[in-house]
Amino acid sequence: MRAALILLAALAAAPFLGFGEGYSLTLLARVMILAMAAVSLWLLVGGGGMVSLGHAALLGIGAYAVVVLDDARITDAAVVVPVAMGAAGLFALVTGAVAIRTSGVQFIMITLAFGQMAFFTASSLAAYGGDDGYTLYGRTTVLGQRWLEDRLAFHYLCLGLLALTLFGGHVLLGSRFGRVLRAARENPLRAEAVGFRPYPYQLVAYSIAGAVAGLTGVLLANAAEFVAPSYLAWQRSGDLLFMVILGGLGSLQGAVLGAVAFVLLEEWLGHITEHWRLIFGPLLVLSVLFMKGGLVGMLRRG
Amino acid sequence: MSLGLLLVQGLNGLQFGVLLFLVAAGLTLVFGVMDFINLAHGVQYMLGAYFGASLAAWTGSFWLGLALALPAALVCGLVLEWLVFRHLYERDHLSQVLATFGVILFLNQAVRAIWGSAPLQMPVPALLEGGVTLMPGLQYPVYRIAILAAGLAVAGLLWLLVERTRIGALVRAGATHAPMVAALGVDIRGLFMLVFGFGAMLAGFAGVMAAPILSVDPGMGDTVLILAFVVIVIGGIGSVRGAFIAALLVGVIETLGRSLLPDLLRLVMAASPARQAGAALGSMLVYIAMALILAVRPRGLFPVRG
């Protein structure tokens, strides 16, 4: 976990090292939020061998929970966070119950399809702006206080939650539950032979990852104070999956490294040309073809 | 809701279904033979539409545009296969998904850079203009019927090709047990290039056919791709017959759901919430149907491998 710890320390110090103005803090918040989302996806892909291409939908459900409550003038974190995590976790539980019955390529396609279902549903919510999205009246409040309006406070909230997610994931994977999950990834038949049916373990893991993604969605909505169906688009799920693989499946911290590298690369290329995807797409292909093991693998080798 | 409307939407649904089939056929064959999951297949559909629209504008003829767009789509498919895809056959599905996702990002952006973000128009050919009278006072466009006919004809040809020719036998054998076919001395790579190019061309054909009635824009391939995935998952991956039945099913459910549900719900609800709930439910219907089918048959309706 060394690289991730160094990174977290750097993020903690960043506001005092010349990255304290609005633009940098917005970018860093995006990095940390997406890193959290990537960690939750890593638990599925790296931990349970479940390659989900619908993870952005879970983030989006968390974000839309903020929207629905905001529209009803309920903004306190004590309500918003449990509702968002519960909604995303429940969606994961229900869709996971069908998706985990399949495996391999069917699983990829089904998670993609369910993600798309959530996307179209969000687009059809005319009361919340439909395709155009919804601008929040204000950020989520904590105990009635508007602490999150403060950029620095928000920065450290994101950092704290990222560290907590990383730690929680680490503990989860090391626990008995996590070992069964990993055994099921390595060899489902053998896991079953020693008396563990993978299905319930995978479903619980899928729901936990969904709830964490829902929490991430709350942060995402707060960071932009705006939510649109594009948050749920399948390209976002592809981005998240790429972060996980770019970082590497060898260790949980890969998700954080991958997210940081991804967002910074995207930002940098975006400054060079409007058509930055013309460079980004081929880079993605090349990294899949030639960078086996991801950034974590490169760190270990060199 | 009248009988006429039901008839029109039913026909629209079938026509969307055959377009989906043309895209899904290539996808399911490629997956069946080579165990290769290609997200960039939807891009072939988009490229077909763009080639068709701009070549038709350039030559001034729909038919020349169609005739030139097909080989162009074929060449694009083969170039992609040679450049990227063939290096991925030995890799896991995750790598295939990501690399082909990168190809989508590149090509969607390339289309934007070349043709701009605004949708292109492709005129309906003069021969197929106008409508036929289905019922007194109810016209249906000839062009849409032509799509339906062309799609069914291609599906029939494809069935003959797969079920009744030597190549088709090899493709089916490859889908069931590729290593055995290779061991028997068949050039499985060559066979795959053939299947791949053919699939790319079918998707391109669907794109050209759809261009006059749908808007030709940079994201058009993605929507179709995901529905094509739903189709092949429902139909059973690798099965052309399954893809055909599932495509028609998905096309009809999608079209009827989106157009009729708001009206149906109005029978039990107030107009405004009915419209909203109907729109939301209509767009979810296909996925709910998929979930129900998979809950009963996790491997799809016509699983190929046992």
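Is Leu120(B) buried, exposed or partly exposed? I began my notes with that one, keeping in mind that this is a predicted model.

**Entry: Leu120(B)**

I counted 18 other C-beta atoms within 10 Å of Leu120(B), so the residue is partly exposed. The cut-off for buried is 20 or more. I then looked up where Leu120(B) sits, and found it in the loop between helix H4 (93-115) and strand S1 (131-135) of chain B. Leaving out residues up to four places away in sequence, I listed Tyr50(B), Ala53(B), Trp115(B) and Val216(B) as the residues that Leu120(B) touches. I also checked Leu120(B) against Leu157(B), which is 37 residues apart from it along the chain, and their C-alpha atoms are separated by 31 Å.

**Entry: where chain B meets chain A**

Next I turned to the interface, where 33 residues of chain B are in contact with 37 residues of chain A. On the chain B side, the elements giving two or more residues are H4, helix H8 (220-235) and helix H10 (271-296). H4(B) supplies the largest share of that side, with 14 residues. I sorted the chain B side by class and got 26 nonpolar, seven polar and no charged residues.

**Entry: chain A overall**

I moved on to chain A, whose secondary structure comes to 13 helices and two strands. A compact globule with 302 residues would have a radius of gyration near 19 Å, and chain A agrees, with 19 Å. Along the principal axes, I noted a C-alpha trace spanning about 55 × 45 × 35 Å. Of the 302 residues, 52% count as buried. I also looked at contacts with a separation of 6 or more in chain A, and 79% of them are between residues 24 or more positions apart.

**Entry: H3(A) against H9(A)**

Two packed helices are described by the angle between their axes and the distance between the axes. I looked up both values for helix H3 (residues 55-71) and helix H9 (residues 198-224) of chain A: the axes come within 7 Å and cross at roughly 55°. H3(A) and H9(A) are therefore oblique to each other. I noted the crossing as right-handed.

Which residues of H3(A) and H9(A) meet? On the H3(A) side I found, among them, Leu58(A), Gly62(A), Ala63(A) and Val66(A), and on the H9(A) side, residues including Gly210(A), Ala213(A), Gly217(A) and Leu220(A). By class, this contact has 12 nonpolar, seven polar and no charged residues.

Terms used:
Residues numbered from 1 in each chain as written. Chains lettered and ligands numbered in written order. Predicted model: local features only at pLDDT ≥ 70, side-chain atom pairs only at ≥ 80, totals over all residues. Helix = DSSP H or I, 4+ residues; strand = E, 2+ residues; numbered from the N terminus. Buried ≥ 20, exposed ≤ 12 C-beta atoms within 10 Å, placed from the backbone. Contact = placed C-beta atoms within 7 Å. Rg over C-alpha atoms; globule rule 2.2 N^0.38 Å. Nonpolar A, V, L, I, M, F, W, Y, C, P; charged D, E, K, R; others polar. Axes fitted to C-alpha atoms, helices over the stretch in contact; angles between N-to-C directions. Parallel < 35°, antiparallel > 145°, perpendicular 65-115°, else oblique. Left-handed = near helix turned anticlockwise from the far one by under 90°.
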